[in-house]
Amino acid sequence: MIELTEDNLQQYVSDNQKVVVQFGASWCGACKVMKPQVKKLAAANEDVVFIYADAEKHVESRSITPIQNLPTFLGFVNGELVSKTTGSKMETLNNLIGEVKNS
């Protein structure tokens, strides 16, 4: 899983065919719980690029789509947003990953 160190999410989305992004924050308990789970999913799904973006630090990256709750997960295929979900339910995250992989 790639952790953004600068506000360049759009570049990753443009450069990779299949991308899943987790928006989180250091104060978000559910984000902290989900982050290691997402790292495991990234290791198991090598055909998808997984990215973690701190919603407070990377304001420009948040402009891709409105982020109202954390964690928020976005799925992109060929630069286009194909799926979005919020919360810490693994089932919904797995569904999002499935949509990305099967698109």
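Of the 103 residues of the protein, 40% count as buried, where buried means under 20% relative accessible area, exposed over 50%, and partly exposed in between (1.4 Å probe, protein chains only). This is a predicted model, in which local features need pLDDT of at least 70 and side-chain atom pairs count only at pLDDT 80 or more, while totals for chains, interfaces and linings use all residues. Residues are numbered from 1 along each chain as its sequence is written, and side-chain values use heavy atoms, with hydrogens and water left out.

**Overall fold**

- The protein has 4 helices and 5 strands; helices (H or I, at least four residues) and strands (E, at least two) are DSSP runs, numbered from the N terminus.
- Read from the N terminus on, the order of elements is β-α-β-α-β-α-β-β-α.
- The radius of gyration is 12 Å, close to the 13 Å that the globule rule gives for 103 residues, so the protein is as compact as a globular protein of that length. Here the radius is taken over C-alpha atoms, and the globule rule is 2.2 Å times the number of residues to the power 0.38.
- The C-alpha trace spans about 35 × 25 × 20 Å along its principal axes.
- Among contacts (heavy atoms within 4.5 Å) with a separation of 6 or more, 68% are between residues 24 or more positions apart.

- Helix H4 covers residues 90–102. Its 13 residues should span 18 Å at 1.5 Å a residue, and its end C-alpha atoms are 18 Å apart, which agrees; the expected span is 1.5 Å times one less than the number of residues.
- Leu93, Leu96, Ile97 and Val100 are the buried residues to look for in H4. Seen down the helix axis, the buried residues of H4 fall within an arc of 95°, so they line one face of the helix; the arc is that of the directions from the helix axis to the C-beta atoms.
- A handy reminder here: an α-helix has 3.6 residues a turn, so residues three or four places apart point the same way.
- Glu91 and Asn102 are exposed on the other side of H4.
- The cover over the buried residues of H4 includes strand S2 (18–24), H2, S3, strand S4 (72–77) and strand S5 (80–86).

**Salt bridges**

- There are 2 salt bridges in the structure, each being a side-chain nitrogen of Lys or Arg within 4 Å of a carboxyl oxygen of Asp or Glu.
- One of them pairs the side chains of Glu3 and Lys35, at 3.0 Å from N to O. This pair ties together distant parts of the chain, with Glu3 in strand S1 (residues 2–3) and Lys35 in helix H2 (residues 29–44), 32 residues apart. Glu3 is partly exposed, at a relative accessible area of 41%.
- Lys101 and Asp47 also form a salt bridge, and their closest N and O atoms are 3.5 Å apart. Again the pair links distant parts of the chain: Lys101 belongs to H4, Asp47 to the loop between H2 and strand S3 (49–54), and they are 54 residues apart.
- Lys101 is partly exposed at 30% relative accessible area, and Asp47 is partly exposed at 48%.

- The structure holds 1 disulfide, a term used for a pair of cysteine sulfur atoms within 2.5 Å.
- That bond joins Cys28 to Cys31, with an S to S distance of 2.4 Å. The torsion about its S-S bond is about 75°, so the disulfide is right-handed.
- Cys28 counts as buried at 6% relative accessibility, and Cys31 is buried with a relative accessible area of 1%.
- Gly24, in strand S2, counts as buried at 0% relative accessibility.
- Beyond its neighbours within four places in sequence, Gly24 is in contact with Cys31, Tyr52, Ala53, Asp54, Ala55 and Leu70.
- Gly24 and Pro36 are 12 residues apart in sequence, and their C-alpha atoms are 12 Å apart in space.

**Backbone details worth a look**

- The peptide bond from Leu70 to Pro71 is cis, with omega near -10°. Pro71 sits in the loop between helix H3 (59–62) and S4.
- Asn78 is not a glycine, yet has a positive phi of about 50°. This residue is placed in the loop between S4 and S5, and Asn78 counts as exposed at 54% relative accessibility.
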